[in-house]
Amino acid sequence: GWKEIEYDTFKNTYLEEIHLPGSLTTIGSYAFSETPKLEIVEFTRYSKLTDIGYASFRSATKLKTITIPSGVISIIETFAYATNLKKVQFKPDSSLKQIGMNAFYKTNIKEIYLPKDVNYIENNAFDGIDSLTVHITPNTLVKINEINSSLQRDSLEEDDYVPITFGSHTALFGATNVTIMEVAQEGGRKLRTKTKKEIQKTKK
């Protein structure tokens with residue numbers, strides 16, 4: 001079966017939809033960038049995809065929703081300028097660890113549930129987005145803070161990292177008016193997010 005879509009393969013084409021085979025493991029950089037009519041991207045339930053290349057869906061301006069296969073480990077500038085993208089879903093067993101530079105730059109995402117294995121989010125990953133709610137487990141938040149703190153110490157040679165907390169932030173990850181909501185449990189398909197009242201009770 002088809003295992004790789006190479007660099008630039010569908011760039012600047014008028015492709016409207018694509019259904020990708022389970023055998024596919026790699027989508028090359030810019031593979032679907034500048035595709036103004038691309039509206040549907042579907043992966044099979046048993047997709048073997050592990051690598052989505054740099055800026056692979058950059059400026060796919062008609063794309064509104066996508067589900068990332070569970071084997072993908074990082075996304076970097078993947079959906080930048082996909083200005084109509086509103087919904088990104090991850091599988092319950094997602095292996096995603098890194099949300100890199102400008103991953104969702106200028107998209108229309110307002111709410112996102114992060115996979116539990118994420119341990120690094122670039123500080124401009126959601127740049128250009130206003131009013132963003134991020135749902136995340138406590139353990140995941142701890143891991144992100146540990147990595148970010150370590151990186152900042154290495155670069156500044158001092159321990160002045162301000163940990164990310166649950167609640168409202170004027171700006172975070174490049175986005176403005178960000179709310180970090182706590183996912184109450186891990187492991188299940190039906191994840192419930194704690195209400196603001198529950199979070200306040202936990203803090204008391």
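Good morning. The model is predicted, so local features are reported only where pLDDT is at least 70 and side-chain atom pairs only at pLDDT 80 or more, whereas totals for chains, interfaces and linings use all residues. Residues are numbered from 1 along each chain as its sequence is written, and side-chain values use heavy atoms, with hydrogens and water left out.

I begin with the overall picture. The protein chain contains two helices and 14 strands; these are DSSP runs, numbered from the N terminus, with helices (H or I) of at least four residues and strands (E) of at least two. Of its 204 residues, 42% count as buried. Buried here means under 20% relative accessible area, exposed means over 50%, and partly exposed lies in between, with a 1.4 Å probe and protein chains only. Among contacts between residues at least 6 apart in sequence, 39% join residues at least 24 apart, a contact being heavy atoms within 4.5 Å.

I turn to the core. In soluble globular proteins, nonpolar side chains tend to be buried together. A nonpolar core is taken as a set of buried Ala, Val, Leu, Ile, Met, Phe, Trp, Tyr and Cys residues joined through side-chain atoms within 4.5 Å. The largest nonpolar core has 50 residues, and those with the most contacts inside it are Phe32, Phe57, Ile99, Phe104, Ile112 and Phe126. At least two residues of this core come from each of β2, β4, β6, β8, β12, α1 and β14. Which residues does Phe32 contact, leaving aside its neighbours within four places in sequence? They are Ile5, Phe10, Leu15, Ile18, Leu20, Ile27, Leu38, Ser56, Phe57, Arg58 and Ala60.

Next, the aromatic rings. Rings of Phe, Tyr and Trp (its six-membered ring) pair if their centres lie within 6.5 Å; planes under 30 degrees apart count as stacked, over 60 as edge-to-face and the rest as tilted. Tyr7 belongs to the loop between β1 (4–5) and β2 (17–20), and Tyr30 to the loop between β3 (26–27) and β4 (40–43), so the pair ties together parts that are 23 residues apart in sequence. Tyr7 is exposed at a relative accessible area of 54%, while Tyr30 is partly exposed at 23%. The ring of Tyr30 also has the charged end of Lys11 over it, 5.1 Å from its centre; the rule requires NZ of Lys or CZ of Arg within 6 Å of the ring centre and within 35 degrees of the ring normal.

Phe126 and Phe173 form a tilted pair, with 6.4 Å from centre to centre and 50° between the planes. Both Phe126 and Phe173 are buried. Ring pairs also link Phe10, Phe32, Phe57, Phe79, Phe104, Phe126 and Phe173 into a cluster.

A brief word on one sheet. Two strands pair if DSSP finds at least two bridges between them. An open sheet of three strands runs in the order β7-β9-β11, with parallel pairing. The edges are β7 (74–75) and β11, each with a single partner strand, so one side of each is left without a neighbour in the sheet. Two bridges join β7 to β9 (residues 98–99), and Ser74 stands opposite Gln98 in β9.

Finally, the charged pairs. A salt bridge is a side-chain nitrogen of Lys or Arg within 4 Å of a carboxyl oxygen of Asp or Glu. How many salt bridges result from this rule? The count comes to three.

Glu77 pairs with Arg58, the closest N and O atoms being 2.2 Å apart. Glu77 is in the loop between β7 and β8 (87–90) and Arg58 in the loop between β5 (51–52) and β6 (65–68), so the pair ties together parts that are 19 residues apart in sequence. Glu77 is buried, at 8% relative accessible area.

Asp117 forms a salt bridge with Lys116 at 3.7 Å between the closest N and O atoms, and another with Lys143 at 3.9 Å, N to O. Asp117 is partly exposed at 24% relative accessibility, as are Lys116 at 35% and Lys143 at 29%.
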